[in-house]
Amino acid sequence: MTGIQILFIVNALVIIFSAVMTVTARHMIHAALWFVLALLGVAVVYAMLEAGFFAVVQVLIYVGAIAILIIFAVMLTRRALEDQEKPFNRASLVTLLIVGIVFVGLILSIRFWPLLQSTTVPLSPDQLTVGTLGLALTDPQQFALPFEVTSILLLAAMIGAIYIAHERKEKGK
Amino acid sequence: MSFIQDPIPWVIHWLETLLIGWGLSESLTQVVLFVLGAGLISVGAMFFTTMLIWAERKIGGRFQDRLGPNRVGPWGIFQTFADMLKIFTKEYINPVGVDKVPFNLAPVLSVAAVLAIWSVIPFSQTVFGTDISVGLLIIIAVGGLGEMAIILAGFGSNNKYALLGAFRAVAQLISYEVPLVIVLLIPVMFSGSMGLNDIVAAQKIPFIIYAPVACVIFFICSIAENGRAPFDLIEADSELVAGYNIEYSGLKFGMFFVADFLHAFTSAIVFTTIFLGGWQGPGVEEMPVLGGFYLLLKTLVVYFMMLAIRFTVPRFRIDQMMALNWKVLTPLSLVAVLVTAVVDKSIPQGNSLFRIAALLVANLILWLVADRMITAFRKRHPVQVVSNKRPLARPERLPAGGEGISQ
Amino acid sequence: MIPLYWYLLLSAAIFCIGLFGAITRKNSVGILLSIELMLNAANINLLAFWRYLYAPNGDLRAEVFVIAIFVVAAAEAAVGLAMIISAYRSRQTVVANDMDSLKG
């Protein structure tokens, strides 16, 4: 067991524990805080995959913006007596069974697929810089189109969110 | 490398040979040296904060025409240690109903988020924590972690005013991140990389001359990110009873306090690194240790400017602050990035004097246009400073039958 | 070193946990949290495949896909939370089961 394998196993346990606590926490604010811990663990996984840019972007976007947004939403939609009951609806046992079957199926199929087994030692490429990604995203021959489309999507989402959450003044009531 | 010219790498090299001589493996030596370096930087930063607090109180006193602390030690330099002793011995009060983990984690996370920025700053040509190619993004990302700490503090206190204060604080911090990040595109454009080492190495001429408008916007947003005056309604005593750190006492409050001052100094260092040239200066090729001195000097000048603004200008209201951000700074930063990109790329490489002149002219035009627009807007929507005229209360104006009204 | 299937197993685990949460959570914000967990699991999957199978050839397609997923997740979180807040204003509840009529 090399050092990095131990690090990966510890990190994976932290992520899975935080994810389980996220979906089973009684108070929503606790769920949001466990979610932040899970996101930080995922950022560590990205760093281990030598995608440093994505690790930083994960912390910046998810922890710095989306998690804060979710906490704001939890605070704004909170009522006093809401967090006293079980957080699950009626379907929890059947769903647990089905999700368990899906997970076991995934494990079996991943574990015994020859292509995924054989890649034990990754090569170490020399082009993992941010610069190549940036050049690719702005090159019309490569990936400029997805870049522009996602920017427009973000603009549309921004306008939509502002419009939906805007408080309308009651007319004539 | 000799000891005089480059002390810190010499010491690191000596320690490395010592540890390998004792039989440790290569990677373990690296880990030990990293941990040692991180510990030294953290402790050094904390000790430096004590001097910063003293300097701030003295200079603040002079700005306000008084002396500042002058009892404890010559010129009061031990005042901070006296305050530290007092804060260490205060009792931790845990109010009823607090959530233990967020309540206790918030001050720690607050200080940790500020100290993490020190790991990517290059102190001289050869002394830096780590050379990551996305160093600039790391600085902003750990700023986001600091905001998380404020939310934890506000929520964990089980106190409506703490929650309200935390929300206002986070709203301010998130809003001012937007022009901060947009304006950081300009040094990245000029130096071609997001790593701080590359940005400093590309500043033969400091970027403040290339892009003064970006510099001013970054400075204002840094002050707002810290929560310093004039943006300090986060801790406005007269409005919100100390904001998100109401329920904290003792060393936990001390940690928030330290994080505040250290964040101001860290913002000054980041500003110096990105816009003023960091460790660049005459003679750093032969003696790299001079780089550290230049950095310190420039940072202290920027910090002094931050203090000068803090003790001079009155506080913003929250709607004025939000209007300043969304109506002035964000469009200005977007247009600045556009204009700088167009001007910079339309001048072929190498005509550096012509490039500087063109960029300065472009920035000047931008500044004048923005100024005209703001003035025209203010003329159309004047702000009423006094209320409508009301009759003054005079004894002869009491209503009829009001002889015994004061009983 | 770390074999590829470790990353894929981790991603499968997070996805299944997120799936369970998305189906059984009562609170709408909780459902959104679980959906974000699923998106993160997909991101881990993509980046693991990219690093092991595509990066040695200098292929950047997976990285662009991951950026697209980041953007879509952020956009969806923003719009979803705006809708939840707006629905809370008129119905005074965020329990997903109770929002069962289009009126109001």
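This is a predicted model: local features need pLDDT of at least 70, side-chain atom pairs count only at pLDDT 80 or more; totals for chains, interfaces and linings use all residues.
By contrast, chain B and chain C are joined by no contact, their closest C-alpha atoms being 14 Å apart.

The interface between chains A and C takes in 71 residues of chain A and 60 residues of chain C. On the side of chain A that touches chain C, two or more residues are given by each of helix 1 (3–24), helix 2 (28–48), helix 3 (52–76), helix 4 (92–111), helix 5 (114–118), helix 6 (130–138) and helix 7 (144–165) of chain A. When the residues on this side of chain A are sorted by class, 56 are nonpolar, 13 are polar and 2 are charged.

The contact between chains A and B takes 14 residues from chain A and 17 residues from chain B. Helix 2 and helix 3 of chain A each contribute at least two residues to the side of chain A that touches chain B, and the largest share of that side, 9 residues, is supplied by helix 3 of chain A. In terms of class, the side of chain A facing this contact with chain B comprises 11 nonpolar and 3 polar residues, with no charged residues.

The axes of helix 1 and helix 2 of chain A come within 8 Å of each other and cross at roughly 155°; because angles over 145 degrees count as roughly antiparallel, helix 1 of chain A is roughly antiparallel to helix 2 of chain A. The crossing of helix 1 and helix 2 of chain A is left-handed. Residues of helix 1 of chain A that make this contact include Phe8(A), Val14(A), Ile15(A) and Met21(A), while those of helix 2 of chain A include Trp34(A), Phe35(A), Leu37(A), Gly41(A) and Met48(A). Taken by class, the contact of helix 1 of chain A with helix 2 of chain A has 14 nonpolar and 4 polar residues, and no charged residues.

Chain B contains 15 helices and 0 strands, and its C-alpha atoms fill a box of roughly 100 × 60 × 45 Å along the principal axes. Of the 407 residues of chain B, 36% count as buried. Among the contacts in chain B between residues at least 6 apart in sequence, 74% join residues that are at least 24 apart.

The domain assignment of chain B gives domain 1 (1–88) and domain 2 (90–377), with the C-alpha centres of domain 1 and domain 2 of chain B lying 22 Å apart. Contact between these domains of chain B involves 21 residues of domain 1 and 20 residues of domain 2. The side of domain 1 of chain B that touches domain 2 of chain B receives two or more residues from each of helix 1 (7–21), helix 2 (26–63) and helix 3 (79–88) of chain B, and helix 2 of chain B provides the largest share of that side, 12 residues. By class, the side of domain 1 of chain B that touches domain 2 of chain B has 12 nonpolar, 6 polar and 3 charged residues.

Conventions:
Residues are numbered from 1 along each chain as its sequence is written. Chains are lettered from A and ligands numbered from 1 in the order in which they are written. Two residues are in contact if their C-beta atoms, placed from the backbone, lie within 7 Å. Domain bounds come from an automatic or database domain assignment. Helices (H or I, at least four residues) and strands (E, at least two) are DSSP runs, numbered from the N terminus. Ala, Val, Leu, Ile, Met, Phe, Trp, Tyr, Cys and Pro count as nonpolar, Asp, Glu, Lys and Arg as charged, and the others, Gly among them, as polar. Axes are lines fitted to C-alpha atoms, for helices over the stretch in contact, and angles run from 0 to 180 degrees between N-to-C directions. Angles under 35 degrees count as roughly parallel, over 145 as roughly antiparallel, 65 to 115 as roughly perpendicular and the rest as oblique. A crossing is left-handed if the near helix is turned anticlockwise from the far one by less than a right angle, and right-handed if clockwise. A residue is buried if 20 or more other C-beta atoms lie within 10 Å of its own, exposed if 12 or fewer, and partly exposed in between; C-beta atoms are placed from the backbone.
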